[in-house]
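Let's walk through this one together, starting with the overall fold and ending at the rings. Have a look at the sequence and the model before reading on.

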Amino acid sequence: MPLGRVALAALALLVVAVAKEHDYYKLLKVKKGCSDKELKKAYREAAKKYHPDKNVGDEQAAKKFALVAKAYEVLSDPEQKRIYDLGGEEALKRGGGNGGGGGGGFQQQSGGSPFGGGFGGGGGSPFGGGGNPFASMFGGGGMPGFGGGGGGFPGGGGGQPRPPKKPAGPTPAQKREEERKKKAKEDKAKQQWAADEAKRKSKRLEQKRQADARARKQEEADARFAKRQAEKAAAEL
């Protein structure tokens with residue numbers, strides 16, 4: 001096959017590979033420059049929509065879930081976001097480097113073409129770097145899915161981020177323990193009131209007994225006085 005056709009075939013494959021890159025902003029439905037709050041809200045909505053628990057057996061939903069998680073991981077990290085904004089997913093796989101031809105697929109420059117310097121330079125190859133045009137695509141650090149140091153999906157950035165967990169409420173056992181303590185406190189208060197009331201009642205009874213005793217003594221004294229007075233009157237007669 002003539003070199004020109006080989007180069008065109010390689011270019012076609014590269015365009016397909018580029019097309020497979022994902023727009024993280026579109027995945028999360030946010031604009032560049034959105035706030036952290038807007039980003040978190042968008043991620044939560046997307047994660048909820050594609051969560052495997054809500055889409056059991058749906059492989060497309062599972063892939064979407066992984067993609068939105070990766071998108072949030074990148075866009076929520078200032079350094080990864082900067083690299084992604086400059087060179088997309090391929091720049092992230094290269095670790096943000098801007099190396100020359102022959103070693104990492106296409107080179108996307110800030111504000112330039114995703115194919116680097118177009119079709120010139122590098123010994124006539126449309127991809128730069130000279131030699132076989134497939135070498136730069138399938139060699140070390142190439143496009144995802146073709147081997148090399150670029151790595152496969154979802155990339156090396158750690159596990160998917162999770163939304164912050166809400167504080168867990170008391171467990172049933174903790175609720176029962178709280179109810180037990182509350183009831184024990186109420187029972188103790190009732191017992192204390194009953195004991196105090198018994199003391200007050202006993203004191204009232206004692207006061208009544210003493211008052212009755214004084215009343216009887218007074219009656220006896222009055223009776224003796226009346227008897228003496230009667231005897232004295234009788235003697236005078």
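First, some ground rules. This is a predicted model, where local features need a pLDDT of at least 70 and side-chain atom pairs count only at pLDDT 80 or more, while totals for chains, interfaces and linings use all residues. Residues are numbered from 1 along each chain as its sequence is written, and side-chain values use heavy atoms, with hydrogens and water left out.

The chain averages 73, and 63% of the residues score at least 70.

As for layout, the chain has seven helices and zero strands. Helices here are DSSP runs of H or I with at least four residues, strands are E runs of at least two, and both are numbered from the N terminus. Of the contacts with a separation of 6 or more, 56% join residues 24 or more positions apart. Buried residues make up 21% of the 237 in the chain, where buried means under 20% relative accessible area, exposed over 50% and partly exposed in between (1.4 Å probe, protein chains only). The chain exposes about 16800 Å², with carbon and sulfur atoms supplying 56% of it; those areas come from the Shrake-Rupley method with a 1.4 Å probe, and for residues only the protein chains shown count as cover.

Now for the inside. In soluble globular proteins, nonpolar side chains tend to be buried together. A nonpolar core is a set of buried Ala, Val, Leu, Ile, Met, Phe, Trp, Tyr and Cys residues joined through side-chain atoms within 4.5 Å. The largest one here has 21 residues, and those with the most contacts inside it include Tyr24, Leu39, Tyr43 and Tyr84. Helix 2 (24-28), helix 3 (36-50) and helix 4 (59-75) each give two or more residues to this core, and helix 4 gives the most, with nine.

Which aromatic pairs turn up? A search of the whole structure finds three. Rings of Phe, Tyr and Trp (its six-membered ring) pair if their centres lie within 6.5 Å, with planes under 30 degrees apart counting as stacked, over 60 as edge-to-face and the rest as tilted. Tyrosine 25 and tyrosine 84 are a tilted pair, because their centres are 6.2 Å apart and their planes meet at 45°. Tyrosine 25 sits in helix 2 and tyrosine 84 in helix 5 (residues 78-93), so the pair ties together parts 59 residues apart in sequence. Both of these tyrosines are buried. Tyrosine 43 and tyrosine 72 are stacked instead, at 4.5 Å centre to centre and 20° between the planes. Their pair ties helix 3 to helix 4, across 29 residues of sequence. Tyrosine 43 is buried at 3% relative accessible area, and tyrosine 72 counts as buried at 12%. Ring pairs also link Tyr24, Tyr25 and Tyr84 into a cluster.

Finally, take a look at lysine 29, in the loop between helix 2 and helix 3. Its phi is near 55°, a positive value in a residue other than glycine. Lysine 29 is exposed, with a relative accessible area of 70%.

Terms used:
pLDDT = per-residue confidence, 0-100. Contact = heavy atoms within 4.5 Å.
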